[in-house]
Amino acid sequence: YDVSTSDLSPPAFSQVVFIDIPQAYPRSAPITCRFTLNAALQPSSRDWVGIFKVGWSSAKDYHTFVWVEPTEDPEASQRITRQAVFKEYYLPKDEIEFYQFCYIDSVGQVRGASTPFCFRNQAEQNTGSLVDDELLVITTQAFPDQIGDVTSPTCPGS
């Protein structure tokens, strides 16, 4: 499925919000991403969350993916935080690239994307310098009507 600007109308692209995404994940352990759905999205058993290299242009550009677990109570699906777990075996092995989670619905439309993150060896994460430990990155989430038209799924600076 190719992503076009018509697929990324602001209401569609912001129907899934990924929460608490760290700047880096370890490559040696399973990772969990958490997200919420807004009331406009009706989840399907064919929806999935993928890991995409920043700069992707198609839903086919995923590195790996997992199916979204269905919820028992459809009414509660928008109120609860959901999660997707990726096994370490399937995670990207490089440390230079940035990735993001994307929620793709059953017809191949992007319904949400996370902030960028990278993968590091566990040892690298534990031996940061003092300067690295004091770095503070602030990200904001704006609603599409506050930021204008969404024309590309890529992250700023990519």
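A search of the whole structure finds 18 aromatic pairs, where rings of Phe, Tyr and Trp (its six-membered ring) pair if their centres lie within 6.5 Å, and planes under 30 degrees apart count as stacked, over 60 as edge-to-face and the rest as tilted. This is a predicted model, in which local features need pLDDT of at least 70 and side-chain atom pairs count only at pLDDT 80 or more, while totals for chains, interfaces and linings use all residues. Side-chain values use heavy atoms, with hydrogens and water left out, and residues are numbered from 1 along each chain as its sequence is written.

Two of the pairs are listed below.

| Pair | Geometry | Centre to centre | Angle between planes |
|---|---|---|---|
| F35 and Y103 | edge-to-face | 5.6 Å | 65 degrees |
| Y62 and F65 | edge-to-face | 5.2 Å | 85 degrees |

Because F35 lies in strand β3 and Y103 in strand β7, their pair ties together parts that are 68 residues apart in sequence; strands here are DSSP runs (E, at least two residues), numbered from the N terminus. Both F35 and Y103 are buried, that is, under 20% relative accessible area with a 1.4 Å probe and protein chains only, whereas exposed means over 50% and partly exposed in between. Y62, at 34% relative accessibility, counts as partly exposed, as does F65 at 29%.

F35 also belongs to one aromatic cluster, together with F18, Y25, F86, Y99, F101, Y103, F117 and F119.

Terms used. Helices (H or I, at least four residues) and strands (E, at least two) are DSSP runs, numbered from the N terminus.
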